[in-house]
Amino acid sequence: MGRDETINFFVQKARNDFSVVEENLAKAINDIKVSQQKKLNYIEEFDAKDVLLQFAELKKSFSAKDAKYNGKLFGVPVTIKDAICVKGIESKAGSKILRGYKPLFDATVVAKARAEGAIILAKTTQDEFGFGTFSTNTALVPKNPFDNSRSCGGSSGGAAGFTAYTNAFHVAIGESTGGSIAAPASFCGCTGFTPTYGLVSRFGLIDYANSLDKIGAIGRNIHDSSLLLESISGYDRNDSTSLENGFEAEEVPIKKIAVVKDFFENCDSEVKKVVQKKIDSLRNFFEVNEVSLPLNAKYALSAYYIIATSEASTNLAKLSGLRYGVQGLVEGKHFDEYFSEIRSQNFGDEAKRRIILGTFARMSGFRDAYYLKAMRVRTKLINEFNLAFKENDLLIFPTMPIVAPKFEDIEKLSPLQNYAMDLCTVPANLAGLPHVSCTAGTAGTMPVGLMMVAPHLQEKKLYSFAKVVE
Amino acid sequence: MSDIAVDKDLIRRVAKNARLSLTEEELEKFVPQIKEVVLDSFNKLDEIDAKEEPSFQPVVVKNRFRKDVPKKSLELEDVFKNASPKLRENNYFKGPKVL
């Protein structure tokens, strides 16, 4: 954990001297192997043969000086959250039910990263289907590199864990539904960049909740995360919700920022102190105001969990033990019996709970009171954000109310207490607003994240501001 | 929706609709957990009046139409690549009976 140079610096060097790529890749592979021996569980799937083939191809690009050689990520190892499809590599969203599934195609983000000269290094661990805040709802639970008895955060836990763990030049593609990029970035001392809903194609993502899912970037700093976001954003005809905009890391002026006081209320005092200190240091550069988002603070979690579980329960309905993933024997079985058997045996507890909650919220007689109401409340909450943005360029507050918790403490939480940990990350996610979490400082030895939120499609403001913060 | 009784019967029924068969042990564990989420979180929206148009997406997503042009589809062997050989019969997927 001590690299200061950016990925861009590495790419410039690699274009002059290919041995830089070789050395860095060897370092990254070694870190995967050592982390696996130590059971740190950042990596879900690593195929050395596939990586060496990509390396050989890249060597040809170096000689030919082709498009990949000129790409933004030339020679950079990129890890991919397990929920994102990589051609020929087992992709199972951290779930037993998709065991053995090897996609026949690359997700758009993976294809884009490859086209920019990246080496697709490995799949990273996560909560099953993204259902969690601590990456504990899966078989391989990643351990925080700062303290192995603590969580990496979730659901993109392996992505942030490995980013913090390896000294090699590397970036990670993560995915956020309710905070799954920001939370692990905060707990692991990384910079997580979640874009506006629709800025990055979701084609090839194993969905959690379609109106909330956003693929984004986790890196060591804002430069690395922004470079990756530049590479993977942009319109994609294969995703019907894809926007026509892309992202370029360019500086724009930032004058006013506002601290959202409601999101400090339930924070641990150490976290508050670290974030407050960071905010005080920013007063030299910006006008710092204070705002309140009372509706978001009170209702965002409820609306989010209704929408997320409703959408998740319909998405997971397709997983029934036919054509791909886990499959059994169908002889003599009625389809109800077969589907129930496969699903009951292969979904984990949290997946079952969310399927039940979502199915319940959509049931005849309940749909209007829960699902439709939550969608109306979402409009209200977006309006509340937009009002705050009329006077301010950005909103800031702590990313998580606590530092990475110990596994023994996570076990004691009820599902509702667990969901409440998403208090600060859910509002921006529900509203589809772009946000960045970067490190504000440390409480003891553990990193504390600062969250910054911008209006829709104003990622440049986040880039410009995070540069000053870091 | 504060008058809903979240009990074993309801959860069993909902689970059945979602093609999940829960063991007694799972029911014992899940019922109080789900009850807590529904009563303390989901039902909280009863407090707030919301007449706004629903946001089915957080940003405005336009309908885009493309020309209906046939494209080459997957090769037959690729289609079966992820299927268990036990669930393939000639060029068909074998499934459980529906009647």
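Trainee: How many helices and strands are there in chain A?
Mentor: Chain A has 16 helices and 11 strands, where helices (H or I, at least four residues) and strands (E, at least two) are DSSP runs numbered from the N terminus. Bear in mind that this is a predicted model, in which local features need pLDDT of at least 70, side-chain atom pairs count only at pLDDT 80 or more, and totals for chains, interfaces and linings use all residues. Residues are numbered from 1 along each chain as its sequence is written, chains are lettered from A and ligands numbered from 1 in the order in which they are written, and side-chain values use heavy atoms, with hydrogens and water left out.

Trainee: Let's switch to chain B. What pattern does it follow along the sequence?
Mentor: Chain B reads α-α-α-β-β, so to speak: 3 helices and 2 strands.

Trainee: What radius of gyration does chain B have?
Mentor: Chain B has 23 Å, whereas a compact globule of 99 residues would have one near 13 Å. Its C-alpha trace spans about 55 × 45 × 25 Å along the principal axes. In chain B, 33% of the 99 residues count as buried, and 26% of the contacts with a separation of 6 or more come from residues 24 or more positions apart.

Trainee: How many residues does each chain bring to the contact?
Mentor: Chain B gives 61 residues and chain A gives 77. Together they bury about 6000 Å², 66% of it on carbon and sulfur atoms. Buried area here is the accessible area (1.4 Å probe) that two parts lose on being put together, summed over both.

Trainee: How many salt bridges are there between chain B and chain A?
Mentor: The count is 7, each being a side-chain nitrogen of Lys or Arg within 4 Å of a carboxyl oxygen of Asp or Glu. One of them joins Lys380(A) and Glu52(B), at 3.1 Å from N to O.

Trainee: Which helices of chain B supply at least two residues each to the side that touches chain A?
Mentor: They are α1 (8-17) and α2 (24-40). The most comes from α2(B), with 9 residues.

Trainee: One more: where is His435(A), and is it buried or exposed?
Mentor: His435(A) is in strand β10 (residues 435-443) of chain A, and it is buried, with a relative accessible area of 0%. A polar atom of the His435(A) side chain lies 2.9 Å from the backbone oxygen of Leu433(A).

Key:
Contact means heavy atoms within 4.5 Å. The radius of gyration is taken over C-alpha atoms; the globule rule is 2.2 Å times the number of residues to the power 0.38. Buried means under 20% relative accessible area, exposed over 50%, partly exposed in between (1.4 Å probe, protein chains only). A polar contact is a pair of N or O atoms within 3.5 Å; within protein, one must be able to donate a hydrogen and the other to accept it, and residues adjacent in sequence count only if both atoms are side-chain atoms.
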